[in-house]
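The model I consulted is predicted.

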Amino acid sequence: MKGYLRAAFDPFLFALVGTVCLASFLPVRGAGTSVVDMAADAAIVLLFFLQGAKLSREALLSGAGAWKLHLAVLGSTFVLFPLLGLGIERLGVLDPVMASGLLFLTLLPSTVQSSIAFTSVARGNVAAAVCSASFSNLLGIALTPILASVLMRVEGGGGSLGMSWGGVRTIALQLLLPFVVGHLLRPWIGPWVARHRPLVMVSDRGSILLVVYSAFSAAIVEGLWHRVAPEALAQLALWCVILLALVLLSTWVLGRLLGLERADAIVLQFCGSKKSLVSGVPLAGILFPASQVGAAVLPLMLFHQIQLFACAILARHYADREEEPLARRGTVV
């Protein structure tokens with residue numbers, strides 16, 4: 001139960017909220033902006049380098065055979081989610097800034113750590129979860145910007161967000177290259193990374209917090225909170241809940257239609273319903289103008305906590321259902 005509460009109420013959420021508050025009251029200005037931006041860029045490079053170093057090739061290969069499952073996860077992540085995001089945007093029920101951010105989050109890849117953790121708690125196919133979530137993240141580095149180019153419109157204009165050569169180069173050099181280098185160096189640095197997981201986690205989360213501070217500082221200077229009312233935030237949270245509920249229901253139905261075994265159906269639900277804060281924050285910084293990055297990641301930050309809470313409950317439910325037959329047979333679990 002304690003582990004479930006830690007998963008549902010991730011302390012990282014409070015750090016994110018604190019970072020947004022710090023940026024709201026003490027945004028970086030003037031000459032300090034370039035220093036913070038350079039530090040944030042370096043943090044992103046380190047973040048993706050360590051992500052590559054953590055990627056286990058053996059685990060990927062062991063779970064790679066479930067191709068029907070992996071296609072279903074990718075379909076949920078990069079087809080179902082964007083279609084739902086477009087539908088919500090077209091309803092016109094959200095402030096345009098919030099609707100743009102919500103659509104952006106639907107274009108992101110799945111998470112890695114939480115997808116695998118919840119699959120493990122629910123007694124699903126962990127090897128397949130590692131493979132699906134990792135491949136989704138790697139594919140998302142290239143696919144998310146392309147989807148954003150095609151589907152997203154610039155606030156206040158009729159055109160698309162667009163992908164300039166500069167944006168492509170930044171993604172290649174700042175995200176993809178460090179990821180590949182980290183993975184290639186895994187035989188040498190992998191054991192060190194495995195031994196220092198707490199330190200690596202602090203580095204990962206510290207990098208995200210620094211990027212969030214930089215993004216929200218720019219947004220605050222541009223008057224973010226004058227444009228976003230409290231009731232708009234509450235409405236956004238409601239639509240995040242609705243979005244997640246629709247995806248969880250759809251992945252459950254799809255697992256039944258595909259005839260997936262229980263362990264693989266669990267992977268589809270948890271890997272196919274997540275959106276990655278780790279990938280989303282850096283990509284938003286590259287794809288959006290500085291003044292819009294804060295608004296773009298705000299829906300993602302809300303969805304991040306909602307997905308943790310909902311999937312913690314769901315994972316515990318699946319685990320309890322698995323334990324019931326064993327308990328009736330008098331088996332100690």
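I took a residue as buried when its relative accessible area is under 20%. With that cut-off I looked up helix α15, residues 277-287, and found 10 of its 11 residues buried. I listed the buried residues as Leu277, Val278, Ser279, Gly280, Val281, Pro282, Leu283, Ala284, Ile286 and Leu287. At the start of α15, I noted a side-chain oxygen of Ser276 within 3.3 Å of the backbone nitrogen of Val278.

I turned next to the packing of two helices. Helix α5 (residues 67-91) meets helix α8 (residues 126-151) at an angle of about 35 degrees, and their axes are 10 Å apart. I recorded the crossing of α5 and α8 as right-handed. On the α5 side the contact includes Leu69, His70, Val73 and Phe78, and on the α8 side Cys131, Phe135, Leu139 and Leu143 are among the residues involved.

Phe81 and Phe303 are edge-to-face, because their ring centres are 6.1 Å apart and their planes stand at 80 degrees. Phe81 belongs to helix α5 and Phe303 to helix α16, so this pair ties together parts 222 residues apart in sequence. I found Phe81 and Phe303 buried.

Phe104 and Phe288 also form an edge-to-face pair, at 5.2 Å centre to centre and 90 degrees between the planes. Both Phe104 and Phe288 are buried. Lastly, I noted that ring pairs link Phe118, Phe270 and Tyr318 into a cluster.

Definitions and conventions. Residues numbered from 1 in each chain as written. Predicted model: local features only at pLDDT ≥ 70, side-chain atom pairs only at ≥ 80, totals over all residues. Heavy atoms only, no water. Buried < 20%, exposed > 50% of the residue type's maximum accessible area, 1.4 Å probe, protein only. Helix = DSSP H or I, 4+ residues; strand = E, 2+ residues; numbered from the N terminus. Polar contact = N/O pair within 3.5 Å; in protein donor to acceptor, adjacent residues only side chain to side chain. Axes fitted to C-alpha atoms, helices over the stretch in contact; angles between N-to-C directions. Left-handed = near helix turned anticlockwise from the far one by under 90°. Contact = heavy atoms within 4.5 Å. Phe/Tyr/Trp six-rings, centres within 6.5 Å; stacked < 30°, edge-to-face > 60°.
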